[in-house]
Amino acid sequence: SDGHEVSKISFAHIEREQDVHKWQGSQICGLYFDELTHFSEKTFFYMLSRNRSTCGVTPYVRASCNPDADSWVAKFISWWIDPDTGYPIKERSGVIRWMLRREDQLYWADTKEELIEQFKLESPEELKSVTFIASTIYDNQILLKTNPSYLANLKALPLVERERLLQGNWKIKPAAGLYFKRVQLRSILDTPPLDVVSWARAWDLAATSEDEG
């Protein structure tokens with residue numbers, strides 16, 4: 001009545017994939033996911049279809065998550081992640097890319113024009129822009145100031161969880177009781193042999209680093 005626009009924010013959950021159909025007919029201009037890796041790929045893309053509105057706000061999607069090497073999200077954002085270390089590539093953080101789905105497969109490009117030309121698109125509205133912004137606890141200075149002991153809590157985690165939740169590592173995962181990062185290993189060969197039938201790698205838990213003498 002006073003001429004001001006009114007916005008509405010709703011919080012809800014989707015426990016199972018079949019629950020997405022409860023949202024059929026919905027119009028959500030701002031769609032937010034908390035811990036995206038806890039949702040299935042099917043759930044995410046179905047809810048993406050509900051991201052629409054005639055209210056004047058351009059529809060958009062935002063999602064937060066912690067690294068999970070086994071999640072579909074890891075593949076979805078793989079361009080932004082270093083395949084060797086598992087850490088986000090700093091230079092790519094926040095860089096926008098474009099995707100297009102064809103026959104249940106996602107195609108990516110650095111620009112809209114690339115996909116438009118490749119698929120002879122008549123309507124660029126078929127394309128969706130995507131970006132990944134890397135962040136760690138060190139970016140949350142308000143939390144660190146208010147609750148400095150939280151950093152100690154993260155550092156007290158076992159290696160794999162510490163790498164995921166503190167350092168943002170998207171590749172590390174437990175392996176037969178042995179936890180290691182690829183960056184902890186180095187090759188002793190300048191040039192790998194060409195007649196290798198199979199490769200195997202071992203790690204001695206009792207090994208001592210060169211720095212420890």
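How many bridges join strand β3 (residues 97-102) to β4? Five, and the two strands run antiparallel. This is a predicted model, in which local features need pLDDT of at least 70, side-chain atom pairs count only at pLDDT 80 or more, and totals for chains, interfaces and linings use all residues. Residues are numbered from 1 along each chain as its sequence is written, and side-chain values use heavy atoms, without hydrogens and water.

**View 1. An open sheet of three strands has the order β4-β3-β5.** Its pairing is antiparallel. Because β4 (105-109) and β5 are edge strands with a single partner each, one side of each has no neighbour in the sheet. Strands are DSSP runs of E with at least two residues, helices are runs of H or I with at least four, and both are numbered from the N terminus. Two strands pair if DSSP finds at least two bridges between them.

**View 2. R102 stands opposite Q105 in β4.**

**View 3. The largest pocket is lined by 43 residues.** A pocket is an open set of points on a 1 Å grid over the protein atoms alone, where a 1.4 Å probe fits, with protein on both sides within 12 Å along at least five of seven lines; lining residues have an atom within 4 Å of a point. A63, S64, T131, F132 and I133 lie nearest the centre of the largest pocket. Strand β2 gives the largest share of its lining, four residues.

**View 4. The second largest pocket is lined by 26 residues.** K8, I9, S10, I28 and G30 lie nearest its centre. Strand β1 (residues 30-33) supplies the largest share of this lining, four residues.
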